[in-house]
Amino acid sequence: QVQLVESGGGLVQTGGSLRLSCAASGRTFSNYIMGWFRQAPGKEREFVASISRSGGSTYSADSVRGRFTISRDNAKNTMYLEMNSLKLEDTAVYYCAAGRIFNKYDYWGQGTQVTVSS
């Protein structure tokens, strides 16, 4: 089992920045591919970004590419999402996830709310 806890969400104005963290425990963090997802009210959950076990490879959705940066610190068992130039449409609950196979996530956090206001 892997336990994931997100933090860092909050209220920010358009154009602002936030840094989300995802702290992992329970199993060897570096064995897992990690990802960020988000779900806005009334919408389906959508992929935001993912990062390989070593952190050497990352992939981001078109909607956030160039604004959001995913990273991880395996020594701290923590993954991050640096969000810049935030837009109203970035408002959502953000979830982190872990999996052993690309695009198949087995463990999820409880989510952290990000609200972008004008």
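Alanine 92 stands opposite valine 114 in β11. This is a predicted model, in which local features need pLDDT of at least 70 and side-chain atom pairs count only at pLDDT 80 or more, while totals for chains, interfaces and linings use all residues. Residues are numbered from 1 along each chain as its sequence is written, and side-chain values use heavy atoms, with hydrogens and water left out.

Strand β11 covers residues 112-117 and is joined to β9 by three bridges, the two running antiparallel. Strands here are DSSP runs of E with at least two residues, numbered from the N terminus; two strands pair if DSSP finds at least two bridges between them. Strand β4 (residues 33-39) also pairs with β9 in the antiparallel sense, over seven bridges. Within that pairing, glutamine 39 has valine 93 of β9 as its bridge partner. Strand β10 (residues 107-108) runs antiparallel to β9 and is joined to it by two bridges; here alanine 97 stands opposite tryptophan 108.

## Burial of β9

Strand β9 spans residues 92-99 and is mostly covered, with seven of its eight residues buried. Buried means under 20% relative accessible area, exposed means over 50%, and partly exposed lies in between (1.4 Å probe, protein chains only).

## Aromatic pairs

Six aromatic pairs are found in a search of the whole structure. Rings of Phe, Tyr and Trp (its six-membered ring) pair if their centres lie within 6.5 Å; planes under 30 degrees apart count as stacked, over 60 as edge-to-face and the rest as tilted. Phenylalanine 37 is buried at 9% relative accessible area, and tyrosine 105 is buried at 12%.

Phenylalanine 37 also forms a tilted pair with tryptophan 108, at 4.9 Å centre to centre and 55° between the planes. Because phenylalanine 37 lies in strand β4 and tryptophan 108 in strand β10, this pair ties together parts that are 71 residues apart in sequence. Tryptophan 108 is partly exposed, with a relative accessible area of 31%.

## Ring cluster and charges

Ring pairs link Phe37, Phe47, Tyr59, Tyr105 and Trp108 into a cluster. Arginine 45 lies over the face of tryptophan 108, 3.8 Å from the ring centre. Arginine 65 lies over the face of tyrosine 59, at 5.5 Å from the ring centre. A charge sits over a ring if NZ of Lys or CZ of Arg is within 6 Å of the ring centre and within 35 degrees of the ring normal.

How values were computed. Helices (H or I, at least four residues) and strands (E, at least two) are DSSP runs, numbered from the N terminus.
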